[in-house]
Amino acid sequence: MTYSRMYKPFQIAALFACAVIMAFNVGPALAAAPMAKAPAPGFYRIMLGDFEITALNDGTLDLPVDKILTNTTPDKVEQALAKSYLASPVETSFNGFLVNTGNKLVLVDTGAGTGFGPNLGKLVANLKAAGYQPEQVDEIYLTHMHADHIGGLIADGKLAFPNAIVRADKRESDYWLSEENMNKAPEGEKGATKSTFKKVATLLTPYIQAGKYKPFEGSVELTPGIRSYESPGHTPGHSGYVVESKGQKLMLAGDVIHVAAVQFEQPTVTVTFDSDSKEAEAERIKEFSDASRKGYLFAAAHLPFPALGHIREMGKGFQWLPVNFTQMH
């Protein structure tokens with residue numbers, strides 16, 4: 001008898017045993033890998049000419065957008081959301097942006113800090129994950145003084161960015177730091193309420209006392225390559241910032257848009273947080289139109305992270321085109 005003929009019965013027996021084990025699901029099993037249950041660090045980096053731009057996610061919050069969007073109806077909002085496979089409440093990004101000019105490290109908005117629950121307040125952790133320390137930030141430019149944009153200024157009762165100069169439009173700080181305006185404000189937690197005025201004072205006053213708050217007026221160059229621009233309607237001194245390097249341009253907007261799935265296609269839709277909804281609507285259309293015609297990059301605090309992309313006119317509305325992924329070769 002040859003070797004192959006002797007070995008064949010053993011092959012058949014082994015195959016039969018495997019079939020039995022598989023059929024009855026017996027035998028040792030590898031343990032399932034545990035679920036991570038946490039996202040990757042929320043930062044994304046691109047180059048703009050010689051400048052390095054790092055988008056920093058502060059976290060997300062579920063917003064009842066069918067209730068806070070105005071100049072529309074809840075049904076229309078839900079129909080618009082459905083086109084993007086969304087429904088209210090919408091998990092909404094809260095973002096800041098770090099600009100490294102090579103000479104200065106500039107942070108635009110600081111996130112919400114600890115005042116909005118455990119899903120926000122991650123900007124500093126993501127800044128560190130991106131390779132920077134809060135002590136390295138030279139200047140902070142605020143789009144406005146709603147708490148979800150300035151809440152990160154203070155951490156554990158201390159300056160979260162101890163070496164930074166904080167800058168915002170003078171009209172913004174004059175409004176929110178006015179005791180007269182606070183006394184006139186209604187009670188409540190949202191909008192221009194007494195609570196909001198008190199939060200602004202708590203967060204900004206330590207920088208003022210340290211001589212680290214320097215307001216500006218209107219559209220001015222704050223540092224070479226970064227210029228403020230007036231963006232009226234949302235708050236009294238709401239501002240955006242234009243970053244330019246080697247002919248490349250990026251507009252860092254504040255709260256001209258809250259719900260991408262609705263307000264790009266329907267830019268006339270406003271939000272209850274606007275101090276002047278008509279003015280905010282006109283400004284949104286103006287900024288979208290300019291970005292579309294001139295083709296520069298656009299970013300905003302509440303666009304889906306990393307919140308960088310281009311805008312294209314489409315009919316009576318606009319289309320959002322997120323940036324293509326890059327490894328910065």
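The lining of the second largest pocket comprises twelve nonpolar, seven polar and three charged residues. In this classification Ala, Val, Leu, Ile, Met, Phe, Trp, Tyr, Cys and Pro are nonpolar, Asp, Glu, Lys and Arg are charged, and the others, Gly among them, are polar.

This is a predicted model, in which local features need pLDDT of at least 70 and side-chain atom pairs count only at pLDDT 80 or more, while totals for chains, interfaces and linings use all residues. Residues are numbered from 1 along each chain as its sequence is written, and side-chain values use heavy atoms, with hydrogens and water left out.

## Pocket and cavity

The second largest pocket holds about 390 Å³ of space. A pocket here is an open set of points on a 1 Å grid over the protein atoms alone, with protein on both sides within 12 Å along at least five of seven lines; a cavity is a set of points where a 1.4 Å probe fits but cannot get out; lining residues have an atom within 4 Å of a point. Grid points are joined across faces, edges and corners, and the volume is the space filled by probe spheres set on the points.

In total 22 residues line this pocket, and Ser84, Leu86, Ala260, Ala261 and Pro304 lie nearest its centre. Four elements each give at least two lining residues: α3 (74–83), β4 (90–100), α9 (260–263) and β17 (317–322). Helices (H or I, at least four residues) and strands (E, at least two) are DSSP runs, numbered from the N terminus. β4 gives the largest share of the lining, four residues.

The structure has one cavity of 30 Å³ or more. The largest cavity has a volume of about 30 Å³. Its lining consists of Phe94, Asn95, Asp109, Gly111, Asp148, His149, Ala301 and His302. β4 and α5 (147–150) are the elements that supply two or more of these residues. By class, the lining of the largest cavity has two nonpolar, four polar and two charged residues.

Asp109, one of these lining residues, sits in the loop between β5 (105–108) and α4 (123–129). Asp109 is buried at 2% relative accessible area. Buried means under 20%, exposed over 50%, and partly exposed in between (1.4 Å probe, protein chains only). Its phi is near 70°, a positive value in a residue other than glycine.

## Aromatic pairs

The model has eleven aromatic pairs. Rings of Phe, Tyr and Trp (its six-membered ring) pair if their centres lie within 6.5 Å; planes under 30 degrees apart are stacked, over 60 edge-to-face, and the rest tilted.

| Pair | Centre to centre | Angle between planes | Type |
|---|---|---|---|
| Tyr175 and Phe197 | 5.4 Å | 45° | tilted |
| Trp176 and Phe197 | 4.8 Å | 50° | tilted |

Tyr175 lies in helix α6 (residues 170–176) and Phe197 in helix α8 (residues 194–209), so their pair ties together parts 22 residues apart in sequence. Trp176 is also in α6, so its pair with Phe197 in α8 links parts 21 residues apart. Phe197 is buried at 1% relative accessibility. Trp176 is buried at 3%. Tyr175 is partly exposed at 25%.

Elsewhere, ring pairs join Phe264, Phe288, Phe298, Phe318 and Trp320 into a cluster. A charge also meets a ring: the charged end of Lys199 sits over the ring of Phe116, 5.8 Å from its centre. The rule requires NZ of Lys or CZ of Arg within 6 Å of the ring centre and within 35 degrees of the ring normal.

## Loop details

His258 lies in the loop between β13 (248–253) and α9. His258 is buried at 5% relative accessibility. Its side chain makes a polar contact of 3.3 Å with the side chain of Asp255. A polar contact is a pair of N or O atoms within 3.5 Å; within protein, one must be able to donate a hydrogen and the other to accept it, and residues adjacent in sequence count only if both atoms are side-chain atoms.

Ser178 is in the loop between α6 and α7 (179–184). Ser178 is buried at 18%. A polar atom of its side chain lies 3.3 Å from the backbone nitrogen of Glu180.

The Ser88 to Pro89 peptide bond is cis, with omega near 0°. Pro89 belongs to the loop between α3 and β4. Phe305 and Pro306 are also joined by a cis peptide bond, with omega about 10°. Pro306 is in the loop between β15 (297–300) and β16 (308–314). Ala307 lies in the loop between β15 and β16. Ala307 has phi near 65°, a positive value in a residue other than glycine, and is buried at 1% relative accessibility.
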